[in-house]
Amino acid sequence: MSALSLIGEYSSDTEDEKFSPQKVNSNRLPVPQSILSWKGVKHHEEIEDDPSLHEGRIRSFKHERGNWATLVYILCKPSKALYSWMENVVIEDGKLFEEFHISLTRTVALKFHWIDSFVEGLKDVCKNLNNFPVELKDIKVYCNDDRTRTFLGITCENNEALNNVTETLNKLLNEYQLPCFYEEASYHISFLWSLGDQEERLKKLLPSLSVLLKTFFFDNIEDSFIEVNELHCKIGNKLYTFKLRSK
């Protein structure tokens, strides 16, 4: 299962209020199909965090009704050659992602009634951003905030264009009092993951992996660049694509 598909598992109901049995008739009116279409689970179905269903992964933050897990990112589609290189990187208990991306925000909890205006805000942001290239540089170990999973990622050059995108998205997040991106941003494409805190163990592999990656890019220079023409956003189980302005 891909990293982005984890967000889809974090879907939610559209109601924020809790009602008592005395106030509500037990025969609920049917929920409009337009609302149900946003959801990854049936209306009022309780979501249980069962790691056994998700290869041992643990939810990063608790599910709450009315909140929708949201991420803005650059979708990356590696060439056959780069994908083959990723497949050949072997670590103990390591699993290859099915999809690859560069995160531009943290995964944040967006209220249901904010979704439409947030999407419109993203549209406006992207209308004023030019497309730009990103250079892939090296390999690094990452661990999630809860130290429940460890990743190997291919780092990206921290250029002005990426920083500008992040700063613009941070301003949008601030309007909804949502946490901004990491202060010391390390843009990267995670491609392998392992359960638990494996940071120290994997760091020992970095020197040899770094040499292998740089050798690969030397022989396949076209694979060391990504042309960013659009941004993507996942809100619950909905995907959005926003074109950037051509220079």
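Trainee: In which loop is the place of asparagine 220?

Mentor: This is a predicted model. Take the two elements on either side of asparagine 220: one is helix H7 (206–219), the other is S8. The place of asparagine 220 is in the loop between H7 and S8.

Trainee: Is asparagine 220 buried or exposed?

Mentor: Buried means under 20% relative accessible area. Asparagine 220 has a relative accessible area of 19%. That makes asparagine 220 buried.

Trainee: What distance separates the C-alpha atoms of asparagine 220 and leucine 82?

Mentor: Along the chain, these two residues are 138 residues apart.

Trainee: How many residues has H7, and what does H7 reach from its first C-alpha to its last?

Mentor: At 1.5 Å a residue, 20 Å is expected. The model comes close to that. H7 has 14 residues and reaches 20 Å.

Trainee: Which residues of H7 are buried, and what arc do they cover?

Mentor: The buried ones are Leu206, Leu209, Ser210, Leu213, Phe216 and Phe217. They sit on the same side of H7, because around the axis they cover an arc of only 125 degrees.

Trainee: Which exposed residues does the face of H7 turned away from its buried side carry?

Mentor: Start with the cover on the buried side: it includes helix H3 (80–87), S5, S6 and helix H6 (199–203). The face turned away carries the exposed residues Pro207, Val211, Phe218 and Asp219.

Trainee: Which residues form the covered face of strand S8?

Mentor: Side chains alternate between the two faces of the sheet in a regular strand. In S8 (residues 225–228), Phe225 and Glu227 make the uncovered face. The covered face is Ile226 and Val228.

Trainee: Which residue in S8 is the bridge partner of phenylalanine 132?

Mentor: S5 and S8 pair in the antiparallel sense, over four bridges. In S8, the partner of phenylalanine 132 is valine 228.

Trainee: Where is asparagine 159 found, and is it buried or exposed?

Mentor: Asparagine 159 is found in the loop between S6 and H5. Its relative accessible area is 15%. Asparagine 159 is therefore buried, being under 20%.

Trainee: Which backbone atoms lie 3.3 Å from a polar atom of the side chain of asparagine 159?

Mentor: Asparagine 159 touches Pro133 and Val134, leaving aside residues up to four places away in sequence. At the start of H5, a side-chain oxygen of asparagine 159 reaches to within 3.3 Å of a backbone nitrogen, that of alanine 161. The two backbone atoms are the oxygen of proline 133 and the nitrogen of alanine 161.

Trainee: Why are the buried residues of H5 on the same side?

Mentor: Leu162, Val165, Thr166, Leu169, Asn170, Leu172 and Leu173 are buried in H5. They are on the same side because the arc they cover around the axis is only 165 degrees.

Trainee: Which residues are exposed on the other side of H5?

Mentor: First, the buried side. Its residues pack against several elements, among them strand S1 (67–76), helix H4 (115–127) and strand S9 (230–235). On the other side, the exposed residues are Glu160, Lys171 and Glu175.

Trainee: Which residue with a positive phi follows H5?

Mentor: H5 covers residues 160–175. The residue that follows has a phi near 55 degrees. That residue is glutamine 177.

Trainee: Within what arc do the buried residues of H4 fall?

Mentor: The buried residues of H4 are Ile115, Phe118, Val119, Gly121, Leu122, Val125 and Cys126. They line one face of the helix, because seen down the axis of H4 they fall within an arc of 155 degrees.

Trainee: Which residues are exposed on the other side of H4?

Mentor: The buried residues of H4 have cover that includes S1, S4, H5, S9 and strand S10 (238–243). On the other side, the exposed residues are Asp116 and Lys127.

Trainee: Which residue in S4 is the bridge partner of threonine 70?

Mentor: S1 and S4 run antiparallel, joined by four bridges. The partner of threonine 70 is valine 108.

Definitions and conventions: Residues numbered from 1 in each chain as written. Predicted model: local features only at pLDDT ≥ 70, side-chain atom pairs only at ≥ 80, totals over all residues. Heavy atoms only, no water. Expected span 1.5 Å × (residues − 1). Buried < 20%, exposed > 50% of the residue type's maximum accessible area, 1.4 Å probe, protein only. Arc of directions from axis to C-beta. Contact = heavy atoms within 4.5 Å. Polar contact = N/O pair within 3.5 Å; in protein donor to acceptor, adjacent residues only side chain to side chain. Pairing = 2+ DSSP bridges.
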